[in-house]
Amino acid sequence: MNSAAADKEPLDIPPVPSWWNRRHLLDTESLSVEEITTILDTADQFKKITDQSRQTLSVLSNQIVANVFFEDSTRTRTSFGLAARRLGAQVVEFSASSSSLSKGETLIDTAKTIEAMHVDLMVVRHRTPGTPQLLAQNIDCALINAGDGPHEHPTQGLLDVLTIRQRRGSLEGLTIALVGDINHSRTARSNIWALKKLGAHVIVCGPSTLVSPLWESLGVEVSYDFDEVIPRCDVLNLLRIQFERQYTRPFPSVREYALLYAMNKERMKRAKDDILIMAPGPINRGVEITPDVADGPHSVILDQVTNGIAVRMAVLWLIAHPGANPQGGD
């Protein structure tokens, strides 16, 4: 059989479980272990399909996905667009800067207007926590949270978990540290819920101005000593300092932060031999991570990007699939 014919062979599309009834993906906090595992397993299957063929699937050819982003994005927006197109869906790109919001239109009216154009699924990013939950109560189409302020970023949390699971097989018993600007990080929150549900011990680490002791209420360990944490960790997820969400400078200088919390060559010497280095991006080289570590053999940062497409394909497929029960939960 020639390669052209092989490319046209039917591919094994992962089934939607009969019990799946979730219409929206608003957070990882409300996901059950079974739902998280199903999303990860489905993402693994889609990744295998896309690895073996660049063939566009037609499974969502009757669906229209709107990327509705009120904040700037490179990875997430592009990843959702590619994921939807690989599933055969049509994609509509919405930009807040060129919308009627500047003329006084409300957020809900904007969403309803987009939905009235026969959109089946909306991917929403907004600076205000709770925006996806508000929209889900006011529109009928399915909705995915692509990040709501410092609250949650569920697909980022899921792709991080998938990346770890691919390398370690299981998260049970692993020690995983989230390092950096924890207080302002939606990625941290989504990671914490998913990681703990899958059996990992989670440490949040950073300056006291960016890591509140109240995080312990979520069942995580709080530390301000990065050098003490490193030898205990199986995975380090290095988070960006989100100056755009801060009203005061949380430390004297970026140089001082890097001195205390950047993962560099010297700190790698104290890490486990098989440690995984992650960063959700965009990374600031020389701040939270040095180039030799970001590009080194322990880094899985680009794997996270690749897995983002697979996870978003899985989420779109599970939520938008016609066989899913539309009366389900959030």
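Student: By class, how many nonpolar, polar and charged residues does the lining of the largest cavity have?

Tutor: This is a predicted model, and the reading applies to that model. Rolling a probe the size of a water molecule over the atoms shows where empty space is left. Here, the lining of the largest cavity has five nonpolar, five polar and two charged residues.

Student: How many cavities of 30 Å³ or more does the structure hold, and how much space lies in the largest cavity?

Tutor: The structure holds one cavity of 30 Å³ or more. About 100 Å³ of space lies in the largest cavity.

Student: Which residues line the largest cavity, and which elements give two or more residues to that lining?

Tutor: The lining is formed by Arg75, Thr76, Ser79, Gln156, Leu159, Ala279, Pro280, Ile301, Gln304, Val305, Gly308 and Arg312. Two or more residues each come from α3 (75–86), α6 and α12 (301–320). The largest share, five residues, is supplied by α12.

Student: How do the axes of α6 and α12 cross, and what is the handedness of the crossing?

Tutor: The axes of α6 and α12 come within 8 Å and cross at roughly 115°. Their crossing is right-handed. On the α6 side, the contact is made by Thr155, Gln156, Leu158, Leu159, Asp160, Leu162, Thr163, Gln166 and Arg167. On the α12 side, Asp303, Gln304, Asn307, Gly308, Val311, Arg312 and Val315 take part. By class, the residues of this contact divide into five nonpolar, seven polar and four charged. Gln156 and Leu159 of α6 belong to this contact and also line the largest cavity. Gln304, Gly308 and Arg312 of α12 likewise belong to the contact and to the lining.

Student: At what angle do helix α2 and helix α6 pack, and why is α2 described as roughly perpendicular to α6?

Tutor: Helix α2 (residues 33–52) and helix α6 (residues 154–168) pack at an angle of about 70°, with their axes 10 Å apart. Because angles of 65 to 115 degrees count as roughly perpendicular, α2 is described as roughly perpendicular to α6. The crossing of α2 past α6 is right-handed. From α2, the contact involves Ile36, Thr37, Ile39, Leu40, Asp41, Ala43, Asp44 and Lys47; from α6, it involves Leu158, Val161, Leu162, Arg165 and Gln166. These contact residues comprise seven nonpolar, two polar and four charged.

Student: How do α6 and helix α7 cross, and which residues meet?

Tutor: The axes of α6 and helix α7 (residues 186–197) come within 8 Å and cross at roughly 50°. The two helices are therefore oblique to each other, and α6 passes α7 in a right-handed crossing. Pro154, Gln156, Gly157, Asp160, Val161 and Ile164 of α6 meet Thr187, Ser190, Asn191, Ala194 and Leu195 of α7. This contact divides into five nonpolar, five polar and one charged residue.

Terms used:
Residues are numbered from 1 along each chain as its sequence is written. This is a predicted model: local features need pLDDT of at least 70, side-chain atom pairs count only at pLDDT 80 or more; totals for chains, interfaces and linings use all residues. Side-chain values use heavy atoms; hydrogens and water are left out. Axes are lines fitted to C-alpha atoms, for helices over the stretch in contact, and angles run from 0 to 180 degrees between N-to-C directions. Helices (H or I, at least four residues) and strands (E, at least two) are DSSP runs, numbered from the N terminus. Angles under 35 degrees count as roughly parallel, over 145 as roughly antiparallel, 65 to 115 as roughly perpendicular and the rest as oblique. A crossing is left-handed if the near helix is turned anticlockwise from the far one by less than a right angle, and right-handed if clockwise. Contact means heavy atoms within 4.5 Å. Ala, Val, Leu, Ile, Met, Phe, Trp, Tyr, Cys and Pro count as nonpolar, Asp, Glu, Lys and Arg as charged, and the others, Gly among them, as polar. On a 1 Å grid over the protein atoms alone, a cavity is a set of points where a 1.4 Å probe fits but cannot get out, and a pocket is an open set with protein on both sides within 12 Å along at least five of seven lines; lining residues have an atom within 4 Å of a point. Grid points are joined across faces, edges and corners, and a volume is the space filled by probe spheres set on the points.
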